[in-house]
Amino acid sequence: MVDSSLVQVEKNLSEAMKIFRDEQSESEIRTESHPSTRTSMPGPLQGDGQDVSTILHFFNNLIHDEEEEEDRPSQHKIQNMGEEGHVALLGHSLAAFTAMLDTEQLRKLATRILSDTTLWLCRLFRYENGSAYFHEDEREGLVKVCRLVINARYEEYTSEGYAVFSHKQPVIYQSASGRPGLGQHLCSQLGLPLSSLCTVPCNTVFGSQHQMDIALLEKLIKEDVESGKLPLLLIANAGTPWGGHTDKLSRLRNLCDQNSMWLHVEGVNLATLALGQVTSATMAANESDSMTLTPGQWLGLPAITAVTLYRQEDPAMSLAAGLTSSSPMLKLRALPLWLSLQYLGHNEIVRKIRLATELSQLLREKLKTLASIKTLMEDEINSPVVLFMFSQETNPTEDYSFVEKELLDSLNRWLGEQLLQQVPNTGVNVVELEDEGTCMSFSPLLTAADLGTQLEDIESLVEKLSELVRLMSSTTALRMDFRREIQQHTPTLTYVEDLGWPGLGSVRYELQAVGMDESRRQQEVEKINTELLKKLQDLDTEIIFSTGPDSGKEKDCIFVGMVTEDVNVQELVEIIASFGREIEDSGRLLENMTEVVRKGILEAELQLQKDNEEKLMEEGMMRQLPLVGSVLNWFSPVQSSIKGRTFNLAAGSLDSTEGTYSTKVQTGRPPLQDTTASPSMKLPGQGLFKRPSAASDSLSEPNSAEQTPSQPPPEEDSHTESDAAFQTISESPVQTDTQVEPDVVEEAEGQPESQEMDHQVQTD
């Protein structure tokens, strides 16, 4: 009969998880309709207690607050967590529940759980006669193992402490391809100087470039022994986390035996020890003195501790090193894993690990069919980790220009980010290798269980990868054409070399004005390129224009993104140059407009004053008097000789309106015609910046000089025509061949009736 308290623990956990799922669904709806306004500032403790549902609601809000701040949503892990995940979480609840048991009962329970879990793990991963240490930090097990070896090799360590190191300094050896920062962490925790850490380079001539150089290691050990040092421990790899590199464990085992060294192994490939067929390189790991396992990652179990299996016959040594403990609560760290292993069973555990290896093999086979994709680690074809990268060296038939390593790294970095966004279920990660540079890593043993990766996801990954590779190949092929076209537009355009940009390239429009100080010139260049970028972004095209990466060194540039193979680079560059000239000329016209208008107003005031004086001389004083002037004008109208004036904005001068009112149209003006190259002048069905087909090449050419002349507009009223001309000037300031003279009429010469009205107004 099951204890009712245990049933209540399981019930409470189920209710809490249900509240979390419901709160998550509601929060997603609230986030879409109303942005979050919660604050992360801590508040005072409430005077009255709150119920559990309210506390869980507040806790769920804190989770979403952290996600919004970090921009890394992780709720999909809670959604995808299966029943085995709930069992693992139940183990933590039960571990806390057992603290209420009496001491003797708790001791027996903890010992049984620890012994059962240790036995199951040793048999599952073929590690005979081993003991287990469960720890939260993956590096903690290795720290305890180092303490064990120090106690075993230095007999007086327990009494004299670190003073024994003055006679023989211990040395810990690790591979250059090992986990970054692991050796420094060991020295820090053990109180050893960094001189006790020896990093062994990888092979440079023979063998894999990521395997430890055994010949060099043997030489280093010999030199340390001759200098009075004590070789203590060797850390070997059985599949680095994102590289999958495995050292030659058999030879390292023999070398350690010869020098009385402890051999410790870690890596993701250790999971394959549970399979029926294991490679000889990985099988050699069961002969090591200790190895660290991460079953929580391999099986998709949340909050499961790492496990270090080791062999040590003296229990006193293990107790002194901290590998064993008399505390029952420390032994109960194994309880979540104890529950999970029983829930899954041997067959399900093997199935999960086998699925991860099948995913890797399938992807490796699919990648061989893709051009411009290079797979790494060809000497480790059975590794569950797949490394691949975009490289044009794999397709020598293509006439590509040389791609620099920095540019290749940026392209692969962009490719990895796109795959992670568009095919997130595969868990593809971007890694940096010392020799190969930036590449993509697919390690399903670390991600497949959490993300639920299946064989169908690999098909989607390969399909998306094929699309992106074609886009990258066409972009790299057109980079040199883009550069040559920009150089032909020098000094209007400047090509900016930025190998960190994974696109067609970057360009800057240069200011053509002379005699300007450097600071003012820099401001104008920034302003023009900013407006040019906005204008290019408003175009209806698939090409992405941006300001480039935030960490980029180049400023005031326009970065052109990925392009397809049918892009007309010449037209693209011409449009950029044309838009830049329009923006510069428009800005120059606006700058000069203020001065022109000011001078024109002053000149107009002088002309009006002069005309008023002439009018007074012609008409006399009597006609200026109220009533009297109206009567005189009625009986004896006066034909005034004063002419009206128009203000020509283009020329900045005052002209007479005699011609305007005599013909009712501005003479000598050619019809308005837009001569600016427009990117919208395309054949039907032809995209922007796309090369026309062969059939349409003979029919139309971009920016052709043989355009059908437009018909002249019909005659309009002078004011309407003047307004239209002024609008044309504002929109197309670069039209130097069209002599448009927008006129502003200040004073018009009219008929006698209009003159009488003027005099009547003056009289009034």
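Predicted model: local features only at pLDDT ≥ 70, side-chain atom pairs only at ≥ 80, totals over all residues.
1. Helix α5 (residues 103–124) and helix α15 (residues 335–367) have axes that come within 10 Å and cross at roughly 35°, and the crossing of α5 past α15 is left-handed. On the α5 side the contact includes Ile113, Asp116, Thr117 and Trp120, which meet residues of α15 including Leu337, Trp338, Leu341 and His346. By type, the residues of this contact divide into 9 nonpolar, 3 polar and 1 charged.

2. The whole structure holds 8 aromatic pairs. One of them joins tryptophan 120 and tryptophan 338, whose ring centres are 6.4 Å apart with the planes at 15°, so the pair counts as stacked. Tryptophan 120 is partly exposed, at a relative accessible area of 30%.

3. Tyrosine 157 and tyrosine 162 form an edge-to-face pair, with 6.0 Å from centre to centre and 90° between the planes. Tyrosine 157 is buried at 17% relative accessible area, whereas tyrosine 162 is partly exposed at 44%.

4. Leucine 299, found in helix α12 (residues 295–299), is buried, with a relative accessible area of 4%. Leaving aside residues up to four places away in sequence, leucine 299 touches Leu344, Ile349, Lys352, Ile353 and Ala449.

5. Two charged side chains deserve a look: the charged end of arginine 311 sits over the ring of tyrosine 127, 3.8 Å from its centre, and that of lysine 535 sits over the ring of phenylalanine 579, 4.5 Å from its centre.

Conventions. Residues numbered from 1 in each chain as written. Heavy atoms only, no water. Axes fitted to C-alpha atoms, helices over the stretch in contact; angles between N-to-C directions. Helix = DSSP H or I, 4+ residues; strand = E, 2+ residues; numbered from the N terminus. Left-handed = near helix turned anticlockwise from the far one by under 90°. Contact = heavy atoms within 4.5 Å. Nonpolar A, V, L, I, M, F, W, Y, C, P; charged D, E, K, R; others polar. Buried < 20%, exposed > 50% of the residue type's maximum accessible area, 1.4 Å probe, protein only. Phe/Tyr/Trp six-rings, centres within 6.5 Å; stacked < 30°, edge-to-face > 60°. Lys NZ or Arg CZ within 6 Å of the ring centre and 35° of its normal.
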